[in-house]
Every structure is written in C-alpha cells, then in structure tokens.
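Here is a short briefing to read alongside the structure. Take a look at the model first, then follow the points below.

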Amino acid sequence: MYNVNKKMLIYIVFLGLMVILIGNSTIVAETKPDIVKMVKLLQEDKDLDIGDWSVLAREINKEIATKQEFESEVYALKQKYPQFQWHRKDDASGWKAEALTYNIDSGLTESIKIMTTKEELDTVTYVIYEVKGQKWKKGNPAFFTTTFQNRVNDLFIGTPSIFSCIKGSINDNMDSVLNSKTEDLLDMFQAREIESVHETNFTSISAHSTLFKQPLTKEKLNLQFGLRTEGLGERTNFVVGTPIITFEY
C-alpha cells in the first residue's frame, strides 16, 4: 500500500511539473514580440528568405497644445537620446522633429518622429518610433525584449499601435507557387482568410490570425500578406505584416 501511494505521489508531482512547464511555455510564446514570432515561423520554411523588415510604433498624443510644449518635449527627447541625429522641419501643416541613428554592429536603423498639427478643433501630435533592418540577426530578439520595450515605455504615454512587416523572396519558381505559398502562409500563421485579391502574377490576402492581437476591423483583421511573381521561372517575392502591411508591395 505504501508503494502504491508513493508511485501515485510521484505521478501527481510529474503531472504538476508538466502543467507548470506547459503553462510557462505558453506565457513566453504569448509575450514574444510579433516580429519575433513572424521571423521564427518564416525561418522554418526553407523556401523563404527574409530580407528587409520593420517594426513601427505609433501613438496619438493630445497633451501638446502649444509650440512651447512641443519644443519642451523635443528638448527632453534630445537629452534622453543624444546618440540620435535630430532635425527640425516646421511648415504650414505644423511642427516636426525627426531623429535617426544607425548601429553598425547590429545593422539596425532607429528613427523617432514627432509631429504636431491642427485637426479640426484639436491640436494633435503623432509620435512614431521605427526600427528597420535589412537582414534578421541572432541578436534582434533580445533587442526587442529590452531596448525596444524601453524605448516604447519612454516615448509613449499609453500603449501604442505596433506594426510589424517583413519582405522576402521564395526559392521556388514553379508556376503554381502563388497558390501553394498562399495556403502555406495561411497554415503557418494559423490564419483565416477574410479578403483576397488574385491576379495573374499577384495575390494579396487579408486574414485573422490567432497568433496576433490588434484587430483592425470587426472581422478581426490582423494579418496581411502579398505574393508577387515576375513571371514563369522568375523570382517570387513576398511581404507579410501584422496587423497590416506597411511596406509598399
């Protein structure tokens, strides 16, 4: 009887550990930035080569009402980010400040834009922070869980909208690549098609994926991708973004 109880206890402890491990894995997966999730899935398909990518965070700020307040905000950002090259460009539409920095080691380009303009009866300020790269590197996931998150906490008052987008090419020049890769990408991102456009050399899909949040419409659109081939036997390019594509395609 003692042995039976002992085995039962070991079994219960084992099940408990499994539940904890599975739970932790789920939490980690859900807290990964969208760009990291997208890259990981795309890299699992050997036919896909990742090229340019971008992550853009944007927020509308209505706390800046005067030029003095705008100047004060820009001054504070300059003090906080002295490694950025800052430029002012005011015109009839409003006050604008832009900053840019490029890190040779990481290959990352970061930009900050702050623009204040009059819209109907309100003075509205748009704050945009963007990170771009031409190739995905091993250190990029760590950047997004530390530096990127710190920047977002510094630059935005609330929770900004975040747009993640990746361009790339497909190592498959078969005539049916548009149809086959469309299905592959829907499966890859656990997505349900909402709208689509199909032409001879081009396919565009708007979908809902259970992997991402930030739905844009009542149909919960939060994923877009496009495929374009240059003709039979020629290269095919893709672009994928959540919640929408921000690259021209």
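Of the 249 residues in this protein, 40% count as buried. Keep in mind that the model is predicted; its pLDDT averages 86, and 85% of the residues score at least 70.

**Overall make-up**
- The protein contains 6 helices and 10 strands.
- Its accessible surface is about 15,100 Å², and carbon and sulfur atoms account for 54% of that.
- If you take the contacts between residues at least 6 apart in sequence, 56% of them join residues at least 24 apart.

**A look at helix α5**
- Which residues of helix α5 (residues 147-155) are buried? They are F148, R151, V152 and L155.
- Viewed down the axis of α5, these buried residues fall within an arc of 100°, so they line one face of the helix.
- The general rule behind such a pattern is that an α-helix has 3.6 residues a turn, so residues three or four places apart point the same way.
- The cover over the buried residues of α5 includes the strands β1 (48-61), β4 (108-119), β5 (122-133) and β6 (161-170). Helices α3 (67-80) and α4 (140-145) are also among what covers them.

- Among the elements of the protein, helix α2 (residues 34-43) has the highest mean pLDDT, at 97, while helix α1 (residues 2-31) has the lowest, at 46.
- Over residues 9-29, pLDDT stays under 50, and the model has 1 contact beyond four places in sequence for this stretch.
- Where pLDDT is low, the predicted coordinates should not be read in detail.

Terms used
Residues numbered from 1 in each chain as written. Predicted model: local features only at pLDDT ≥ 70, side-chain atom pairs only at ≥ 80, totals over all residues. Heavy atoms only, no water. Buried < 20%, exposed > 50% of the residue type's maximum accessible area, 1.4 Å probe, protein only. Helix = DSSP H or I, 4+ residues; strand = E, 2+ residues; numbered from the N terminus. Arc of directions from axis to C-beta. Contact = heavy atoms within 4.5 Å. Areas by Shrake-Rupley, 256 points an atom, 1.4 Å probe, with all protein chains shown as cover. pLDDT = per-residue confidence, 0-100.
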